[in-house]
Amino acid sequence: IASMVAESEHGRRELATQKFALDQHAIVSITDTTGTILYANDRFFDISGYAREELIGSNHRIINSRRHPTEFFRDMWQTISLGQVWHGEVCNRARNGSLYWVNATIVPLLNAAGEPERHIAIRTDITDRKRIEAQLSEQLHLVEELIEAIPLPVYLKDSTGRYIRLNRAFELFFHIDRQTILGHTLRDLLPPEDALLHIEKDAELFASKGMQSYEAAVHSRDGIIHDTLYRKAALTRRDGSVSGLLGVIVDITERKHVEEASRLNTM
């Protein structure tokens with residue numbers, strides 16, 4: 001009997017230690033099958049701003065941010081009602097109206113009949129990560145708008161020479177739909193002799209990891225030969241490896257015609 005009591009005491013201490021460790025990292029709550037909160041740890045009270053007496057006995061909808069569609073929670077409840085574990089990222093609303101994001105895992109606790117009778121939710125705060133992601137998304141959107149607004153043909157290639165981004169001016173210059181070129185290379189855009197020149201130039205740029213400027217004749221799909229000035233810059237990762245290149249094309253056909261006319265007039 002003494003050994004059983006000692007073993008039981010050891011089990012309780014171990015369980016208490018595990019609970020303590022979990023509480024230091026995670027936001028934990030237990031609800032019944034209707035969503036009524038039966039238990040919440042201190043981190044839940046801290047992040048939500050609600051007092052213990054306000055949360056315990058309340059429905060979990062008290063922190064619903066209304067940022068997710070009805071289908072989001074319907075799918076979640078369907079999963080845990082079947083006794084399956086649900087994972088997802090949830091936006092909640094604190095007592096003061098501020099929003100916070102959590103990465104949640106909800107585990108159904110089953111009764112003797114194998115049916116869910118309670119749910120334990122374990123969450124980690126990912127608000128800072130979501131804020132940074134939103135900022136990056138805004139910055140990328142701004143860059144996209146800037147590239148699109150530039151009146152010169154602008155393009156981005158990856159390190160294999162495949163086009164990954166083009167602007168509207170590029171489409172107009174080459175008389176193409178960008179969707180037919182994205183993911184493809186110069187060989188799908190230009191005649192072989194034109195493509196070979198730029199492929200060699202791209203290789204030189206990737207090797208030097210610098211910038212490049214040169215003139216080239218371009219046989220556009222409108223049947224006109226354009227005199228152009230290519231300006232390129234290699235794009236690198238933090239470790240110094242090449243991730244691709246950024247290119248801008250300047251049509252200097254008219255300037256070349258003026259220079260040629262001026263040259264003939266002075267002869």
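## A pairing to start from

Which residue in β10 is the bridge partner of Leu-229? The partner is Val-250. Keep in mind as you look that this is a predicted model.

## Confidence

Averaged over the chain, pLDDT comes to 89, and 88% of the residues score at least 70. Compare the elements of the chain and strand β3 (residues 86-93) has the highest mean pLDDT, 97, while helix α1 (residues 2-25) has the lowest, 57.

## The five-stranded sheet

Back to the strands. The Leu-229 and Val-250 pairing brings us to β9 (residues 225-236) and β10 (residues 242-251), two antiparallel strands joined by nine bridges. Both strands belong to an open sheet of five, with antiparallel pairing and the order β7-β6-β10-β9-β8. At the edges stand β7 (163-166) and β8 (211-219); each has a single partner strand, so one side of each has no neighbour in the sheet. On average, neighbouring strands here are turned by 25 degrees against each other, direction ignored.

A helix joins the picture too: α7 (residues 192-208) packs on this sheet and touches β6, β8, β9 and β10. The direction of α7 makes about 175 degrees with that of β8.

## Aromatic pairs

Searching the whole structure turns up eight aromatic pairs. One of them is formed by Tyr-155 and Phe-170, whose rings sit edge-to-face, 5.8 Å centre to centre with 65 degrees between the planes. Because Tyr-155 lies in strand β6 (residues 154-158) and Phe-170 in helix α6 (residues 168-174), this pair ties together parts that are 15 residues apart in sequence. Are these two residues buried or exposed? Tyr-155 and Phe-170 are both buried.

Now look at Phe-173 and Phe-174. Their ring centres are 4.9 Å apart and their planes stand at 90 degrees, so this pair is edge-to-face. Phe-173 and Phe-174 are both buried as well.

## Charges over rings

Two lysines are worth a look here. Which ring has Lys-130 over its face? That ring belongs to Trp-101, and Lys-130 lies at 4.4 Å from the ring centre. For Lys-201, the charged end sits over the ring of Tyr-214, at 4.9 Å from the centre of that ring.

Definitions and conventions: Residues numbered from 1 in each chain as written. Predicted model: local features only at pLDDT ≥ 70, side-chain atom pairs only at ≥ 80, totals over all residues. Heavy atoms only, no water. Phe/Tyr/Trp six-rings, centres within 6.5 Å; stacked < 30°, edge-to-face > 60°. Helix = DSSP H or I, 4+ residues; strand = E, 2+ residues; numbered from the N terminus. Buried < 20%, exposed > 50% of the residue type's maximum accessible area, 1.4 Å probe, protein only. Lys NZ or Arg CZ within 6 Å of the ring centre and 35° of its normal. Pairing = 2+ DSSP bridges. Axes fitted to C-alpha atoms, helices over the stretch in contact; angles between N-to-C directions. Contact = heavy atoms within 4.5 Å. pLDDT = per-residue confidence, 0-100.
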